[in-house]
Amino acid sequence: MAKLNLPVHKNQQLTGKVVDLTYQGNGVVKVDHYPIFIPNALSGEEISYVVTKTQRNFAWGRVVDWQTKSPDRVSLKDKRLLQTGIAPLGHLSYPAQLKFKQHQIAELVAKAHLNIEVLPTLGMDKPYHYRNKAQVPVKMVKGQLETGFYRRGSHHLVPIEDYYIQDPKLDQAIIVVRGLLRKFHVQPYDEQTGKGVIRTVMVRRGYYSHEMMVVLVTRTKHLPMKDEIVKGIVAGVPELKSLVQNINGARTNRLLGSTDHTLWGDPVIHDQLLGINFTISPRSFYQVNPQQTEKLYSKAIEAADLDGSQTVIDAYCGIGTISLAVAKHAKQVEGVEVVAEAVNDAKHNAKANGIHNAHFVTAKAEDQMAKWQQKGLKPDVLIVDPPRKGLDASLIEAAGKMAPQKVVYVSCNPATLVRDIQRWQVEGYHVAKPIQPVDMFPQTTHVESVTVLERTEK
Ligand code: SAH
């Protein structure tokens, strides 16, 4: 391959001004229009940096020193939170994080030549310690069993005790488990050799219920010193309701295997969301920031403007959190979700809460929409909460034919949201209210929002 004629080379030390912050939270410095992405650098800062890696269209760099610092910079006491990607925006003040998220949506809206207002991001009063679930790898580091997080883009474990964004009760439980694994010489799983026992520790805690679940993910069915370890966890985690061993013998990055053994207590824990009870098993999806989920879903429900007479479709319904919260304000709710276990959870949760007007099917949302449309289902409101890739074009087309008056779009990716808004416009919909960002993942770069589309009268 011909040598590239790049304006910088590896190990070169330079100075420059940070002109932007990317969606991933990296600072951008430009040399002859060639961008260099630099972690832990903020817009406006003047820095000395070293080039760590070059590619055809961009390079990576590392800050050596700051000549000027951003007024939005806050000191993050533990740099490992940035290195690991636990808190990639942890060095940016919280008000600036909220603006960063609002601007991200606004910029994409403007780029698409759409004239839609984006409201300030709804944040948290205490934007840390919010996660109700932890899943941490266990590895041997320098001859000692450690729990922590991988350095960004690698499988190099960085030992951590204070995860900052997790419920501190989760952090405490991880330390208890780590101590027992060390004490009883349980071997961590080794990705290279495929040997060893313990792969991951997962911990969950109900925000309202305070019920705790610890899951030990092991490669082998046999867990050495099992009784002692169980006893130790029961004694060391006072709120424990469920202790489960999950067996994952596969040589993959997948976190959980398909077999669960309850070692102590119940196989599930419970929690509430908007006053509805949910049963959570080791493999259930459950929103990780319950306080902000309530805000987000309340916004979505408010936007749907229900008076008890409407038929609502909840596409991408997961375990039915939105469906069940909407059910008491609607005549009928139909949910669709592609993961069968989640649909089972949704059905179970409906029954357990005495909700009889919500029904769930396992299917791809795009296929099911077409089916419902052929069957003549006439929804008044369509709620969608798709994954990052956004809506399938065929879903929007089928939905257009069903002609719901309103579409409430909960999005976790502004790029696909903006693309989809344009597709809805083709189907005769317009954005009826400003877009409302809600910060579901403080200290990280994730951007969540609610958009209301209405059918344009013809
Ligand atoms: N509102 C839900 C979760 C939404 S997350 C809750 O709070 O529980 C997005 C969901 O879409 C996931 O549950 C994922 O399994 C599901 N999904 C992904 N692709 C899908 C598709 N093509 N059709 C239906 N569901 C899909």
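Helix 4, which spans residues 226-236, has as its buried residues Ile229, Val230, Gly232 and Ile233, where buried means under 20% relative accessible area and exposed over 50%, with a 1.4 Å probe and protein chains only. An α-helix has 3.6 residues a turn, so residues three or four places apart point the same way. On the face turned away from the buried side, helix 4 carries the exposed residues Asp227, Lys231 and Ala235. The buried residues pack against helix 3 (168-183), strand 11 (212-218), strand 12 (240-247) and strand 13 (259-265), with contact meaning heavy atoms within 4.5 Å.

This is a predicted model, in which local features need pLDDT of at least 70 and side-chain atom pairs count only at pLDDT 80 or more, while totals for chains, interfaces and linings use all residues. Residues are numbered from 1 along each chain as its sequence is written, and side-chain values use heavy atoms, leaving out hydrogens and water.

The ligand is surrounded by 18 residues, of which the closest are Tyr297, Thr321, Glu337, Ala365 and Asp385, and a residue is near a molecule if one of its heavy atoms lies within 4 Å of it. Polar contacts, pairs of N or O atoms within 3.5 Å, include the following.

| Protein atom | Ligand atom | Distance |
|---|---|---|
| Glutamine 287, polar side-chain atom | oxygen | 3.1 Å |
| Alanine 365, polar backbone atom | nitrogen | 2.8 Å |
| Aspartate 385, side-chain N or O atom | nitrogen | 2.8 Å |

Taken alone, the ligand exposes 580 Å², and the protein buries 86% of that.

Notes. A polar contact is a pair of N or O atoms within 3.5 Å; within protein, one must be able to donate a hydrogen and the other to accept it, and residues adjacent in sequence count only if both atoms are side-chain atoms. Accessible areas come from the Shrake-Rupley method with a 1.4 Å probe; for residues, only the protein chains shown count as cover. Helices (H or I, at least four residues) and strands (E, at least two) are DSSP runs, numbered from the N terminus.
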